[in-house]
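User: Got a model I'd like to talk through with you. Can you take my questions as they come?

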Amino acid sequence: MDAIAPLPAIEISGLYTAYDKADVLTDVNIVAPAGQITCLLGSNGAGKTTLIRSILGLTPPHAGSIKVFGEDVAGLPTHRVIAKGVACIPEGRRMFPKLTVEENLRLGAYQEPAEAEIRRRLAEVYSVFPRLAERRGQLAGTMSGGEQAMVSIGRGLMGKPRVLLIDEPSLGLSPLYVKENFRIIENVRAQGLTVFLVEQNVHQTLAISDSGYVVSGGRVVAQGSAAELRNNADVRAAYFG
Amino acid sequence: MDLLGQYLVNGIMLGTIYALVAVGFTLFFGVLDVIKFSHGDVLMVGAFAGFTAALGAAALGFTNPFVQLAASVLFAVSGTALLGAAIAKWLILPLKNAPRLNILLITLMLGTALRESVRLFYPDGSNPKAFPALLPSTAWQFGNFTLRADSALLVIAGIAVIVGLHMLINRTRLGLAIRAVAQDEETARTMGINYTLIVLVTFALGSGIAAVAGVMNGLYYNEVNFGMGLLLGLIGFSAAIIGGLGNLYGAILGGFLFAALQMIGAVALPFASAYKDVFAFAVVIALMGWKPTGLIPERSSERV
């Protein structure tokens with residue numbers, strides 16, 4: 001890791017998470033340096049989403065620690081993890097289908113009490129996604145997949161997080177939207193946010209990431225800088241065929 | 001015409017009460033996907049709390065009926081809200097991952113326990129109590145039709161509660177959180193919503209509203225009794241079901257629809273008015289056969 005890096009945004013050590021006593025994650029150690037894009041690669045069932053769920057407290061780990069800027073959040077209820085400055089853009093977008101676009105976005109800033117600040121952030125999201133401004137009163141469930149992805153990303157940004165967890169942003173989207181999403185993720189990093197990106201789409205993910213990890217069977221099987229991972233024989237074998 | 005007018009007022013009155021009970025069922029189902037069968041008996045506890053507070057205020061020397069009424073409503077609503085939150089915290093949330101049938105059974109048994117407790121432990125609890133007439137007894141005459149001030153006030157108060165609930169759910173941050181939890185519990189959590197708190201607040205809210213219905217019922221019939229929650233709970237549940245469980249407006253519609261059916265059963269049909277419930281429930285059964293997910297279905301399209 002980078003020796004001069006400040007406190008890492010996420011530092012996971014010795015993490016074990018289980019569903020019904022069967023370990024899904026085994027001794028996972030991951031560091032996501034602040035201000036960088038760290039990616040987590042792995043095939044279906046490797047434990048990527050479980051790791052995100054563990055960080056968020058949705059599936060609490062039974063051993064190990066998860067530090068967000070030095071504070072252990074392992075086992076905290078989800079809303080207290082969010083209060084540490086974490087936001088998530090979940091897999092499959094997970095809109096609230098019967099709420100309007102604007103209500104969805106407002107929920108992203110649920111912990112922000114000041115209405116003026118919420119309006120300022122709304123304006124910011126609408127400037128990134130002008131399409132959402134046009135459709136602010138529309139029910140999110142009636143929008144196209146690509147538009148829903150915009151709502152999901154906008155909602156993640158509404159909380160002004162320090163760390164953004166992004167779970168498979170390219171899943172089920174057309175190549176055009178995928179490209180657009182990755183461009184936005186890069187912009188987010190440029191604003192100083194830490195991004196922890198979970199993906200199956202290796203090429204595009206490594207192209208924007210600073211460093212990454214590869215998980216398989218619930219263990220970290222490879223790690224390194226994006227360039228190292230690109231050249232790593234195991235990763236090549238697993239993904240590049 | 002005068003009789004029809006009375007039936008109309010009576011129907012609106014009952015519809016308001018039923019709607020207030022039904023919104024509780026629909027709120028609980030919304031946030032937690034559970035059916036809480038103790039709801040009617042919680043209402044009964046609320047009515048008894050209101051009755052006790054009214055007598056207590058009178059015993060303390062507050063002779064003004066409005067002070068007694070305020071004490072009655074305040075005590076009924078706050079006590080019942082606490083009871084509802086306690087039931088959610090210690091009985092329903094711990095069983096969240098158990099089969100739904102268990103929660104149904106447990107709340108059914110809790111309802112019986114509440115009912116029997118009031119019957120056994122409330123002084124002379126097995127007999128009906130005369131609820132004091134706290135509202136003005138003025139009446140206005142419109143031709144042959146008499147409109148009583150107390151009925152009018154009760155209907156206005158009930159509708160004000162319904163409108164207030166609508167505003168709370170649609171215009172406030174709390175309401176937004178309740179709707180978010182109802183649609184997708186897990187994603188709501190990741191928005192930073194304190195899920196447990198929202199569930200408890202929702203149960204307190206639904207139970208407090210049921211207490212309003214209980215006190216209204218007491219004031220309207222000048223009576224409370226330990227078994228009043230049974231039929232009111234069943235009607236409220238039916239109203240929520242025919243409206244479309246989980247949909248607030250469906251529940252309100254269902255409440256008024258059930259009252260309308262009872263009135264039709266009492267007035268328009270060629271048999272004795274004692275059969276009005278038989279008629280109303282028979283129509284509910286037919287409605288459920290016709291539209292199993294309710295008139296305004298909330299959930300069917302959401303299962304992805």
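User: Start with the sheet in the order S2-S1-S4-S5 of chain A: how many strands, and which pairing?
Analyst: 4 strands, antiparallel pairing, and the sheet is open. Strands are DSSP runs of E with at least two residues, helices are runs of H or I with at least four, and both are numbered from the N terminus. Two strands pair if DSSP finds at least two bridges between them.

User: Before we go on, what kind of model is this, and how is it numbered?
Analyst: It is predicted: local features need pLDDT of at least 70, side-chain atom pairs count only at pLDDT 80 or more, and totals for chains, interfaces and linings use all residues. Residues count from 1 along each chain as its sequence is written, while chains are lettered from A and ligands numbered from 1 in the order in which they are written.

User: How many bridges join S1(A) to S2(A)?
Analyst: 7, with the strands running antiparallel. A:Leu15 sits opposite A:Val28 in S2(A). The hairpin of these two strands has 2 residues between them, and A:Asp20 there takes a positive phi near 50 degrees.

User: And S1(A) to S4(A), how many bridges?
Analyst: 5, joining S1 (residues 10–19) to S4 (residues 63–68), again antiparallel. A:Ser13 has A:Ser65 in S4(A) as its bridge partner.

User: Which strands of this sheet does H1(A) lie across?
Analyst: S1, S2 and S4 of chain A, at about 75 degrees to S2(A). Angles run from 0 to 180 degrees between N-to-C directions, and axes are lines fitted to C-alpha atoms, for helices over the stretch in contact. Contact means that C-beta atoms, placed from the backbone, lie within 7 Å.

User: What else does H1(A) lie across?
Analyst: H1 (residues 48–56) also lies across S3, S6, S7, S8 and S9 of chain A, running at about 150 degrees to S7(A). Helix H6 (residues 145–158) of chain A lies across S6 and S7, at about 180 degrees to S6(A).

User: What is the strand order in the sheet with S6 and S7?
Analyst: S6-S7-S8-S3-S9-S10 in chain A, an open sheet of 6 strands with mixed pairing. S6 (86–89) and S10 (219–225) are the edges; each has a single partner, so one side of each has no neighbour in the sheet. Neighbouring strands are turned by 15 degrees on average, direction ignored.

User: How do S9(A) and S10(A) pair?
Analyst: Antiparallel, over 6 bridges. A:Ser216 stands opposite A:Arg219 in S10(A).

User: New topic. How many residues of chain A are in contact with chain B?
Analyst: 20, against 15 residues of chain B. H2 (78–83) and H3 (101–108) are the elements of chain A that give two or more residues.

User: Chain B now. At what angle do H9(B) and H10(B) cross?
Analyst: Roughly 120 degrees, with the axes coming within 7 Å. They are therefore oblique to each other (angles under 35 degrees count as roughly parallel, over 145 as roughly antiparallel, 65 to 115 as roughly perpendicular, the rest as oblique).

User: Which residues meet there?
Analyst: Among them, B:Ile235 and B:Ala239 in H9(B), and B:Leu253 and B:Phe258 in H10(B).

Conventions
Two residues are in contact if their C-beta atoms, placed from the backbone, lie within 7 Å.
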